[in-house]
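This report describes a two-part model, taking each chain in turn and then the contact between them. Please read it alongside the sequence and the structure shown here.

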Amino acid sequence: MAVKVDRLQKALGKNKVLRGISLEAGSGEIFGLLGPNGAGKTTTLRIICTLLSPDAGSVEVLGFDTRTAPEEVRRRVGVVTADIGVYPRLSARENIAYFGELSGVLDGELEGRVDMVLERLDMVPFATQRAESLSSGQKQKVAIARAIVHDPEVLMFDEPTSNLDVLASREIRNFMVESRDRGKCVIFSTHVLHDAERLCDRVTILHEGTVVATGPTADVRGAHRDLEDAFLELVEKK
Amino acid sequence: MRTLAIVFRKEMREILRDRRTLIAIGLAALATPTVLVIVSQVSTKTATQTYTVGYSGDIPTGLDILLTSTALKLEPVADPAAAAKQQVDIGVEFQPAQIDEWYDPTRQSAQIADTRLQTVLGQFNAAKAAAALQQKGIDPGLLNPVPLRLHPLSSPVKAAGNAFLSFFLPYILITMVLTGGLSAALDASAGERERKTLESLLLTPTPRSRILLGKILAVSVISLVSAIAAIGSMLLALSQLPLLGAHVTLSPLAAGVMIWLAILLAGCFSSLTLTLGTLAKNFRQGQAYSTPLYFITIFPASIILFIPDFNPNLAYYLIPILNAVLVLRDAIVHNSVAWPALIITSASLAATGLVCWFAALRLFTRETLLIRS
């Protein structure tokens with residue numbers, strides 16, 4: 001498994017956000033981390049990518065423990081969030097190159113990597129434009145590009161389409177599918193269950209910091225009309 | 001080192017594309033010479049301006065010539081006391097045995113006219129007394145039994161210039177080092193949080209200490225450039241303007257001390273402002289947190305203004321900022337360096353910078369940094 005989360009617990013202040021969740025995501029799959037707002041999805045992702053440390057339990061990414069080898073984990077992870085913050089006075093290319101350099105891409109490879117990412121995300125027409133003049137969709141592409149410029153094995157998307165229009169959202173979804181097909185482990189966190197149902201191979205549903213269901217998407221949906229109905233029934237039972 | 005250089009390069013690129021920072025540096029370079037030109041013109045005008053003396057009575061023979069040659073214009077008035085209120089600068093009534101003078105101390109023109117009148121009268125009285133004694137065959141030297149001979153060890157005009165520099169230069173240095181890099185520091189700290197790039201930055205495998213150090217270096221460089229631009233333009237203006245009766249210049253020793261202190265102060269202020277910026281949620285909050293720092297620039301320089309001969313013991317040189325002001329003052333006024341004072345000052349400023357750096361690093365590695373954002 002590319003990502004292994006074991007009995008993870010985390011409190012933020014007095015609020016117990018995670019109460020011992022476990023999950024596993026593998027390479028070559030889109031893994032859905034689902035649940036309503038406040039379920040603990042973002043906190044889980046932040047612990048996986050080492051921004052936060054767990055209070056109890058453990059997380060391994062490609063065999064590296066997030067506590068003992070955080071830098072090794074960060075080298076292998078790329079994260080895209082709904083916050084498409086970019087450096088406004090740098091061009092799209094400069095933004096991407098900066099993160100490539102910081103992520104350890106060597107000088108000799110950097111230009112080629114940046115060019116490849118620009119082409120892959122169809123960003124060449126606005127690559128030299130300053131980020132402050134880009135549209136939201138274009139900025140989101142910059143955010144994706146900087147997350148993948150070092151070619152990470154694990155890609156995490158935290159509500160990536162929440163600030164985007166229909167066209168830009170579709171491009172993100174296509175990109176996730178393409179990454180899965182390239183053998184990457186794609187973790188997709190969302191509260192839009194409809195999106196997850198279309199994309200995810202397997203899902204874990206969180207509610208109030210606990211796992212209420214996990215498994216292949218079709219199994220979790222079961223006999224229900226869709227994933228949303230399944231989720232509502234699970235929550236009501238709880 | 002590679003990652004440090006990467007962060008430094010990126011920060012410099014952003015800073016140099018930031019209109020706010022460039023305008024601040026430009027204004028810093030222009031503001032001081034502009035102020036000095038105005039001060040120079042006003043002082044020149046004040047020195048050569050003619051002031052009016054409203055008088056009544058008979059002017060002693062010869063005194064009118066002396067007064068006129070000292071740029072005091074004589075104007076007959078009916079009531080000198082009333083005229084001194086507004087019509088003329090001072091009012092004088094010449095009587096056979098004495099002279100009455102009326103002036104308003106709240107008016108600067110009255111003060112200057114009064115000083116000139118007293119100087120001229122002093123010389124006139126001395127000359128008259130000497131002539132009277134000589135007429136009676138008595139040595140006029142009797143009037144001045146113990147004459148004083150002055151032997152200034154340096155040029156009094158240069159000393160006046162140095163006194164001016166010893167207040168003005170530390171003030172400009174500290175102010176410019178602080179304000180020149182402030183915008184860049186807040187942009188590199190609070191700005192990261194405000195535009196939501198902080199999380200992505202912390203997700204890179206680069207150690208946070210290096211990210212922070214790269215930012216501090218960039219802010220320090222811009223602070224230094226700003227201070228040097230302001231001081232360079234100030235010194236250029238001073239070398240061209242006859243301020244205080246002479247062209248004021250900075251000795252090579254004082255210039256060297258100034259640059260060394262500027263480097264230390266830049267490192268210190270960069271760490272401090274980055275710490276405050278890291279505490280802030282956005283640029284505006286960062287500015288609010290940094291406002292009290294402006295007082296730091298005013299108080300130490302004010303000590304030199306109000307107590308020019310303030311000669312404290314070495315313990316005072318442990319106080320950051322004040323120590324820089326004192327060392328720089330000594331270098332300018334005496335054209336010499338007290339090495340123990342300079343060493344203590346350097347150690348104190350370096351330690352302050354380190355403490356601020358550790359504080360910033362601690363903030364930078366805390367989870368609350370992300371949770372709050």
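Which strands of chain A does helix α5 (residues 136-148) lie across, and at about what angle does it run to β6(A)? Helix α5 of chain A lies across β6 and β7 (154-158) of that chain, and its direction is at about 165 degrees to β6(A). The model is a predicted one.

## Chain A: overall form

Chain A contains nine helices and ten strands. Its radius of gyration is 18 Å, close to the 18 Å that the globule rule gives for 238 residues, so chain A is as compact as a globular protein of that length. The C-alpha trace of chain A spans about 55 × 40 × 35 Å along its principal axes.

## Chain A: the six-stranded sheet

Strands of a sheet pair through backbone hydrogen bonds, either parallel or antiparallel. In chain A, six strands make up an open sheet with mixed pairing, in the order β6-β7-β8-β3-β9-β10. The edges are formed by β6 (77-81) and β10 (210-216) of chain A, each of which pairs on one side only. From one strand to the next, the twist averages 15 degrees.

At one end of this order, strand β9 (residues 202-207) of chain A runs antiparallel to β10(A), and six bridges join the two. Within this pair, L206(A) stands opposite V211(A) of β10(A). At the other end, β6(A) is one of the strands that helix α5(A) lies across.

## Chain A: the β1-β2 hairpin

Strand β1 (residues 3-12) and strand β2 (residues 15-25) of chain A run antiparallel and are joined by eight bridges. A11(A) has K16(A) in β2(A) as its bridge partner. The hairpin of β1(A) and β2(A) has two residues between the strands, and G13(A) takes a positive phi near 70 degrees in this hairpin.

## Chain B: overall form

Chain B has 15 helices and four strands. The radius of gyration of chain B is 29 Å, well over the 21 Å that the globule rule gives for 373 residues, so chain B is more spread out than a compact globule. Along its principal axes, the C-alpha trace of chain B spans about 100 × 45 × 30 Å.

## Chain B: the four-stranded sheet

The four strands of the open sheet in chain B follow the order β2-β1-β3-β4, and their pairing is mixed. β2 (72-76) and β4 (99-103) of chain B each have a single partner strand, so one side of each is left without a neighbour in the sheet. The twist averages 25 degrees from one strand to the next.

Strand β1 (residues 51-57) of chain B pairs with strand β3 (residues 90-94) of chain B in the parallel sense, over five bridges. The bridge partner of V53(B) in β3(B) is I90(B).

Two packed helices are described by the angle between their axes and the distance between the axes. Helix α9 (residues 208-240) and helix α14 (residues 339-364) of chain B have axes that come within 10 Å and cross at roughly 130 degrees. The two helices, α9(B) and α14(B), are therefore oblique to each other, and α9(B) passes α14(B) in a right-handed crossing. On the α9(B) side the contact involves R208(B), S209(B), L212(B) and I216(B), which meet W357(B), A360(B), L361(B) and F364(B) of α14(B). By class, the residues of this contact are six nonpolar, one polar and one charged.

Helix α10 (residues 252-279) and helix α11 (residues 283-290) of chain B have axes that come within 8 Å and cross at roughly 130 degrees. That angle makes α10(B) oblique to α11(B); the crossing is right-handed. T273(B), L276(B), G277(B) and L279(B) of α10(B) meet G286(B), Y289(B) and S290(B) of α11(B). The contact of α10(B) with α11(B) has three nonpolar, four polar and no charged residues.

## The contact between the chains

How many residues of chain B are in contact with chain A? There are 20, and they touch 23 residues of chain A. On the chain B side, the elements that give two or more residues are α1 (2-16), α8 (198-202) and α15 (367-372). The largest share, five residues, comes from α1(B). The side of chain B that touches chain A consists of six nonpolar, five polar and nine charged residues.

Key. Residues numbered from 1 in each chain as written. Chains lettered and ligands numbered in written order. Predicted model: local features only at pLDDT ≥ 70, side-chain atom pairs only at ≥ 80, totals over all residues. Contact = placed C-beta atoms within 7 Å. Nonpolar A, V, L, I, M, F, W, Y, C, P; charged D, E, K, R; others polar. Pairing = 2+ DSSP bridges. Axes fitted to C-alpha atoms, helices over the stretch in contact; angles between N-to-C directions. Parallel < 35°, antiparallel > 145°, perpendicular 65-115°, else oblique. Left-handed = near helix turned anticlockwise from the far one by under 90°. Rg over C-alpha atoms; globule rule 2.2 N^0.38 Å.
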